[in-house]
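Please keep the structure in view while reading.

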Amino acid sequence: MKRIKEYLVDRNLETTKKILKEEMKIINNEIEKLTQNKDNIKERLNTIKKIDNNLEFNKIQVVPIKERGLLKLDIDDINEVSCIIKKLQQEYRSLFYILGNNKIGVTYNTEKILESNEISYKDAFYIVKNDKPYDMQLNKNNYITYTYKGSYDKEPIYINNIMDFIKKNNYKIAGDIIKICRINIHETGNEDEFISEIQVPIDC
């Protein structure tokens, strides 16, 4: 209001051009934001399209994975993955979207798995891009990976199979076991369409 009043009091071609340039700057800033949002949506759509084509299901594999930076959220006595992910997004809402995001995951309580085969989660995390700040790092390592479709009900069976594979091959677990939720309840209400990838860092 003050800016408009000043313009009306002292209106000339120079002030008009100045006002128009300021408006153009505002519009360009909004266009930039919309363009970023559009690119983000396109990236997430492409992510969903590529997941089925690029992943092998129900197969234990050993693959090298480069180091990754994570933003994490400590969790207490929460075992429902969808609730954990919602809390993570609320904590870092300005940094990422949930829908179509395949860089969200959870860290298992590895000690409990090794001691009693109990499946529970310790942290939720988001894998950041290379140039972004992070508060936790997954080191470059060889990982045992297992990708599956469907609900999380059979997760203990999958993890037990991985543990048997580790024992059989004399591998040593070199860090926390994690799960990346490639497709989850935020993309689909059909549990048969869920896609999860378990990753276990190992020393060969």
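A residue is called buried when its relative accessible area is under 20%, exposed when that value is over 50%, and partly exposed in between, with a 1.4 Å probe and protein chains only. The model is a predicted one, in which local features need pLDDT of at least 70 and side-chain atom pairs count only at pLDDT 80 or more, while totals for chains, interfaces and linings use all residues. Residues are numbered from 1 along each chain as its sequence is written, and side-chain values use heavy atoms, with hydrogens and water left out.

Helices (H or I, at least four residues) and strands (E, at least two) are DSSP runs numbered from the N terminus. Strand β3, residues 104–108, is mostly covered, since five of its five residues are buried. In a regular strand the side chains alternate between the two faces of the sheet. In β3, I104, V106 and Y108 point one way and G105 and T107 the other, and all are buried.

Two strands are said to pair if DSSP finds at least two bridges between them. By this criterion β3 pairs in the antiparallel sense with strand β4, residues 121–127, over five bridges, and in the antiparallel sense with β8 over three bridges. G105 stands opposite F125 in β4 and opposite I180 in β8.

Strand β8 spans residues 178–183 and includes R182. Why does R182 count as buried? R182 counts as buried because its relative accessibility is 15%. The side chain of R182 makes a polar contact (a pair of N or O atoms within 3.5 Å; within protein, one must be able to donate a hydrogen and the other to accept it, and residues adjacent in sequence count only if both atoms are side-chain atoms) with the side chain of E197, at 2.7 Å.

N141 is found in strand β6, residues 141–149, and is buried, with a relative accessible area of 19%. Leaving aside residues up to four places away in sequence, N141 touches V63, P64, I65, A174, P201, I202 and D203, where contact means heavy atoms within 4.5 Å.

Most residues other than glycine have a negative phi.

| Residue and phi | Loop |
|---|---|
| N170, about 60 degrees | between α5 (155–168) and β7 (172–173) |

N170 counts as exposed, at 69% relative accessibility.
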